[in-house]
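Subject: Structure for your files

Hello,

Here is the structure we spoke about, with the sequence alongside. My notes on what was found follow below.

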Amino acid sequence: MMASILVATLAGCEDNAFQRDHRSVGGKTIGGDGFDGPNYFENSNGTYPYPKIIEREYIPSYDLFANTKCLTWRIEWPAYDGSYDINQIPTVLSRHTGVLNSFNFLNNNSAQNTYNGTFSLYFENKVASANTMWNELEHSFGAGNNMEGIYFAHSEQTLDNIKDWVTKRPSLFESYWPGSSDNELAYQEGDFIQFRLDNALAGEQLYGGIRIVSMTPRIIEVYLAVPNI
């Protein structure tokens with residue numbers, strides 16, 4: 001089981017090979033142990049805890065490749081029963097803040113919270129670019145360059161390859177970008193999805209991946225390669 005959980009393995013001390021091949025810098029964990037997330041909710045069956053998010057940063061040890069680092073988020077949602085309100089489930093990840101927000105939270109707060117949103121991960125068992133979710137996110141309509149464009153592509157990569165990209169060569173997320181114009185993709189357990197992020201205001205393109213570790217419970221890992229500056 002642990003062999004299939006990338007971020008959790010890399011964040012711990014179980015695998016000495018990974019400890020030699022990468023440097024984990026900083027990191028934090030929020031949610032999961034109570035109700036300390038920013039927008040947990042209540043219904044007739046009580047209060048739902050905020051998903052647990054493990055955030056880590058990896059810098060390749062080999063200086064030749066250390067100009068690019070990898071940001072990672074491992075997200076573990078609690079089990080929701082049939083009475084939940086889908087608009088209350090935290091689903092939209094912001095790569096800027098590392099926080100998940102629900103549609104309800106985003107639609108009832110400052111538009112800037114929506115503008116910071118990157119993509120939805122839980123809703124309808126699919127990944128979707130936040131800037132195209134006009135039916136769900138009121139502030140996304142007409143947001144223009146205030147929101148980043150995201151494109152997804154299913155990818156056939158082994159777990160070993162993904163580990164190498166994250167820890168040794170984050171730039172390979174760009175080198176092996178399969179190309180796509182899909183703003184959303186349905187997924188199932190075991191899928192690996194690559195993405196390209198277009199930030200028009202900053203004039204940059206970033207690349208990364210999303211791994212569906214488990215559907216029940218829902219566990220998803222997100223990897224984003226960024227300049228190491």
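Arg 211 is buried, at a relative accessible area of 9%; buried means under 20% relative accessible area, exposed over 50%, and partly exposed in between, with a 1.4 Å probe and protein chains only. The residue belongs to strand 14, residues 204–214. Helices (H or I, at least four residues) and strands (E, at least two) are DSSP runs, numbered from the N terminus. The side chain of Arg 211 makes a polar contact of 3.2 Å with the side chain of Tyr 223. A polar contact is a pair of N or O atoms within 3.5 Å; within protein, one must be able to donate a hydrogen and the other to accept it, and residues adjacent in sequence count only if both atoms are side-chain atoms.

Before the rest, a note on the source: this is a predicted model, in which local features need pLDDT of at least 70 and side-chain atom pairs count only at pLDDT 80 or more, while totals for chains, interfaces and linings use all residues. Residues are numbered from 1 along each chain as its sequence is written, and side-chain values use heavy atoms, with hydrogens and water left out.

**Aromatic groups**

Tyr 223 also takes part in an aromatic cluster, together with Trp 165, Phe 173, Tyr 176 and Phe 192. Rings of Phe, Tyr and Trp (its six-membered ring) pair if their centres lie within 6.5 Å; planes under 30 degrees apart count as stacked, over 60 as edge-to-face and the rest as tilted. The count by this rule is twelve aromatic pairs. One of them is Phe 173 with Tyr 223, a tilted pair with 6.4 Å centre to centre and 35° between the planes. This pair links distant parts of the chain, since Phe 173 is in helix 6 (residues 172–175) and Tyr 223 in strand 15, 50 residues apart. Both Phe 173 and Tyr 223 are buried.

**The chain overall**

The protein chain has six helices and 15 strands. Of its 229 residues, 49% are buried. Its accessible surface comes to about 10,500 Å², and carbon and sulfur atoms hold 45% of that; areas come from the Shrake-Rupley method with a 1.4 Å probe, and for residues only the protein chains shown count as cover. Among contacts (heavy atoms within 4.5 Å) with a separation of 6 or more, 63% are between residues 24 or more positions apart.

**Nonpolar cores**

A nonpolar core is a set of buried Ala, Val, Leu, Ile, Met, Phe, Trp, Tyr and Cys residues joined through side-chain atoms within 4.5 Å. The largest has 30 residues, of which Trp 77, Phe 119, Leu 121, Phe 152, Ile 210 and Val 222 touch the most other members. Two or more residues each come from strand 6, strand 11 (149–154), strand 13 (192–199), strand 14 and strand 15. Strand 15 gives the most, with four residues. Apart from this core lies another, of 13 residues, among them Tyr 58, Ile 162, Trp 177 and Tyr 207.

Beyond its neighbours within four places in sequence, Phe 119 has contacts that include Val 92, Ala 128, Phe 152, Phe 195, Ile 210 and Val 222.

**Strand pairing**

Two strands pair if DSSP finds at least two bridges between them. Five strands form an open sheet in the order 8-7-9-10-12, with antiparallel pairing. Strand 8 (100–101) and strand 12 (184–186) are the edge strands, each pairing on one side only. Strand 7 and strand 8 run antiparallel and are joined by two bridges, with Val 92 opposite Asn 101 in strand 8.

Strand 5 (residues 52–60) pairs with strand 6 (residues 68–76) in the antiparallel sense over seven bridges. Glu 57 has Leu 71 of strand 6 as its bridge partner. Seven of the nine residues in strand 5 are buried.

**Loops and backbone**

Glu 124 has a positive phi of about 55° although it is not a glycine, and Asn 125 likewise has a positive phi, near 55°. Asn 125 is partly exposed because its relative accessibility is 32%.

A cis peptide bond, with omega about 0°, joins Thr 216 and Pro 217. Pro 217 lies in the loop between strand 14 and strand 15 (219–227).

Regards
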